[in-house]
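Welcome! Let us take a guided walk through this protein, one part at a time.

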Amino acid sequence: MNQAVENKDMDRLIPIVNKLQDAFAIMGGTAPIDLPQIAVLGGQSSGKSSVLENIVGKSFLPRGSGIVTRRPLVLQLYHETSGEWGEFLHAPGKKFFDFDEICQEIENDTARICGANKGLSTKPINLRVYSPDVLNLTLIDLPGATKVAVGDQPSDIGKQIESMIKFYVSKPNCLILAVTAANTDLANSDAIFIAKEVDPKGERTLGVMTKLDLMDRGTDARGIFTGESQDVPHLALGYVGVVNRAQADINEKKTIQAARNSENQFFEQHPGYGDIADKLGTQYLVKKCSTMLLKHIQKVLPELTTDLNKLTAVKRKALSDIGEEDPKRTRMDITEVILKFADEFKRSIEGQLGENQDLVSELTGGARIEGIFNDVYAPAVSEIDILEQLGADEVQTLIRNVSGIGGSLFIPNAAFIALVESNIGRLLDPSLQCVQLVYSELLSIITDISAKTPAIEKYPALKNSIIEATNSILREQYAPTSEHVKTIIAMEEARVNMHHPDFIGHRENFGKFTQEVEEQCAVGPPPPAPRTGNRAVVFEGWCSKKGGGSIVLWQKRYIMLKKDGVLSYFKMEGDSDPLGDIVVGGCIVERADALIGKRFAFQLYHPTNAIGRTFFFTCDSEQEANDWVAILKEECAKPPMEPETEEDLLASASQMNVGSKNSGEDGEGGEGGEAPGTGTRKRGLTERIHESIHQELGMREKIECEILFRLLISYFEIVKKNVSDMVPKSISFLLIDKLKVKLMSHLINELDSEAKIKQLSAVAPEVTEKRNQLKKTLTLLDDSMMILSDLSHTSF
């Protein structure tokens with residue numbers, strides 16, 4: 001061929017694009033820049049392979065029945081006068097001088113990626129061909145379009161191929177070479193049909209007509225090539241006709257050069273094509289494709305330069321993050337990584353999240369630990385009821401036992417102290433579980449930070465050392481933290497402070513308090529609770545529940561909303577007695593997916609409640625969560641149900657009076673009959689206890705039990721507040737703060753010898769490989785930018 005592109009500057013463009021194409025192929029994944037290229041597509045038996053072989057001047061493509069091209073072939077042609085050979089990107093450094101070996105290598109690499117069957121792959125084969133008989137040109141050979149599966153081909157093979165073709169040709173910078181056999185109806189051409197879908201105006205599609213020598217006698221395609229025919233799909237780049245080798249020519253080993261000579265002779269001697277022969281044939285097609293690609297590159301040059309600048313900045317930043325391998329900077333690098341890690345840990349605990357932190361999908365760092373304190377530990381302590389499993393008989397027995405042989409005129413202190421001390425110990429288990437939960441969460445935070453910090457991923461030995469150091473420090477601090485928590489409980493047991501200003505038994509409060517108790521006991525037992533009206537079920541179903549329960553985060557519960565505005569939850573569907581009731585009137589219900597880091601979640605709480613009284617629920621679907629929220633909102637907005645009779649009205653008024661007198665001393669309720677909103681009884685003073693006080697005991701015993709019950713509740717609430725406050729503070733100081741302080745010094749002390757530094761600074765092999773690849777890519781990008789910068793000032 002020995003023709004050169006007239007403008008030497010433009011002739012430099014295609015090799016640059018080819019190098020970029022290779023670099024992106026090595027990087028893997030989707031190319032970060034839409035490079036200018038020409039894709040060749042055609043239906044089965046359209047002559048597409050023969051067109052490519054004619055362009056190269058060699059037979060090098062696999063042939064056979066069915067789908068032979070199962071991977072895209074990126075064919076890069078380089079005009080080279082010193083010889084003729086091929087190179088594959090997947091076999092660097094190896095030159096193939098025998099084109100039959102090139103054909104075999106294409107088959108082998110296709111089978112390696114796609115398997116021996118008829119499977120497809122979008123991963124391209126990159127082949128460079130150097131020859132004196134080619135112009136600088138890049139073509140992408142795509143599988144032939146087909147509609148019907150043959151043999152062992154997948155049933156959706158047609159859709160797979162169409163999807164692969166569109167992946168390439170739908171890109172704005174991809175020019176399309178649509179190959180169609182001239183002895184078929186052009187209107188039904190698979191190649192033209194796909195090209196028109198992605199390029200409706202035909203602005204980047206060049207039609208190629210093959211097998212012109214096989215058209216019916218007396219017919220030709222002259223009008224298509226000259227533009228005179230109006231009944232063919234319009235393409236702005238027009239159509240070019242070629243004549244390929246017939247199958248008999250291939251079988252007889254007819255050379256490409258001989259085929260080109262026959263092609264030229266056909267067009268020159270044909271009466272319909274003789275005067276336009278210089279605009280037909282493979283030689284003209286190659287020149288047109290080369291010019292077309294160069295002009296397209298020239299057109300998108302400013303955009304390409306901008307994209308390359310952006311990509312270069314990204315790659316340079318990635319290389320900077322990895323850093324250079326400099327033994328002189330090793331100690332400094334390791335120290336910087338340790339300091340950065342320690343700072344990230346501190347920021348995570350204190351809520352100063354980094355740029356890459358996910359702020360909305362789930363709780364992280366210190367927020368999760370605070371969640372353990374407020375949403376897990378606080379409710380677990382709050383729900384411990386000092387009067388649980390305690391009745392009037394047991395209290396009277398205790399009073400008599402501590403009074404001794406002579407009895408007593410007043411309630412003995414020993415009875416009160418004995419009951420308080422025996423119950424304070426119940427606070428130890430949830431407190432120690434809180435230590436364990438925070439311990440585990442700190443380990444998770446350290447692991448997450450080490451995984452999300454690129455500088456640490458660079459040094460796997462250092463990463464392991466950091467995790468080991470964290471474990472060591474936490475193990476070291478776990479025992480003293482647990483012991484201190486035990487001491488807090490023991491301190492509460494050691495002294496029962498009956499002079500606490502908030503204690504209703506304090507001398508300033510006791511007189512008024514005992515008078516109220518005596519008056520209430522004289523009246524008799526509390527009236528029955530007002531009737532609740534129709535308790536028919538409004539909505540029910542399974543949910544996971546958290547809050548107002550034990551220290552376990554989530555428990556599966558069957559929940560049931562009744563018409564009286566009470567939300568009950570049961571261990572099993574069909575249970576007669578609920579584990580607890582929640583009065584929803586006056587409460588707020590809302591979705592809580594982002595708040596608790598779980599999908600299909602909602603929360604129910606009263607706006608006046610302290611933290612820790614919120615109930616969380618998660619459902620199995622978006623629809624269920626939305627249904628619960630919608631129904632509960634209606635119930636939350638309703639006023640309490642009206643009593644139905646005069647008797648109910650009187651009972652309700654009496655109940656409210658009792659509640660108002662006790663409002664200053666009642667605590668929040670817990671699970672089992674308590675709501676996040678309001679309650680009419682002190683927690684723990686169950687109907688069973690009150691009935692036994694008034695039905696089985698004399699007046700003095702009634703007063704003694706009632707006073708003792710209320711004293712116990714009042715003081716135990718003080719103890720729970722102290723413990724709920726001091727345990728998280730102790731954990732924060734002895735476990736979290738100590739870890740923040742000790743971690744950095746522990747790691748810095750690791751750098752006590754050159755051998756240790758060398759061990760910690762061992763770079764992961766994949767990091768070294770990535771660094772080398774980034775350097776190669778940056779070198780290529782810098783060279784490309786220099787050439788494009790020169791070309792941007794050149795007048796073409």
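**A walk through the sheets**

The model is predicted, with pLDDT of at least 70 needed for local features and 80 or more for side-chain atom pairs, while totals for chains, interfaces and linings use all residues. Residues are numbered from 1 along each chain as its sequence is written, and side-chain values use heavy atoms, leaving out hydrogens and water.

The two strands in that opening pair are strand 2 (residues 73-79) and strand 4 (residues 125-131), which run parallel and are joined by seven bridges. Helices (H or I, at least four residues) and strands (E, at least two) are DSSP runs numbered from the N terminus, and two strands pair if DSSP finds at least two bridges between them. Strands of a sheet pair through backbone hydrogen bonds, either parallel or antiparallel.

Now step back to see the open sheet of eight strands, ordered 3-4-2-5-1-6-7-8 with mixed pairing. Strand 3 (85-88) and strand 8 (239-241) each have a single partner strand, so one side of each is left without a neighbour in the sheet. On average, neighbouring strands here are turned by 25° against each other, direction ignored.

Which strands does helix 4 lie across? Helix 4 (residues 157-169) lies across strand 1 (37-42), strand 5 (137-141) and strand 6 (174-181), running at about 155° to strand 1. Helix 5 (residues 190-198) lies across strand 1, strand 6, strand 7 (205-210) and strand 8, at about 155° to strand 6. Contact here means heavy atoms within 4.5 Å; axes are lines fitted to C-alpha atoms, for helices over the stretch in contact, with angles from 0 to 180 degrees between N-to-C directions.

Phe539 has Leu561 in strand 10 as its bridge partner. Strand 9 is also joined by three bridges to strand 15 (residues 615-618), again antiparallel, where Lys546 is partnered by Phe616.

Finally, take in the whole protein: there are 25 helices and 15 strands. Of its 796 residues, 48% are buried, meaning under 20% relative accessible area, with exposed over 50% and partly exposed in between (1.4 Å probe, protein chains only). Among contacts with a separation of 6 or more, 75% are between residues 24 or more positions apart.
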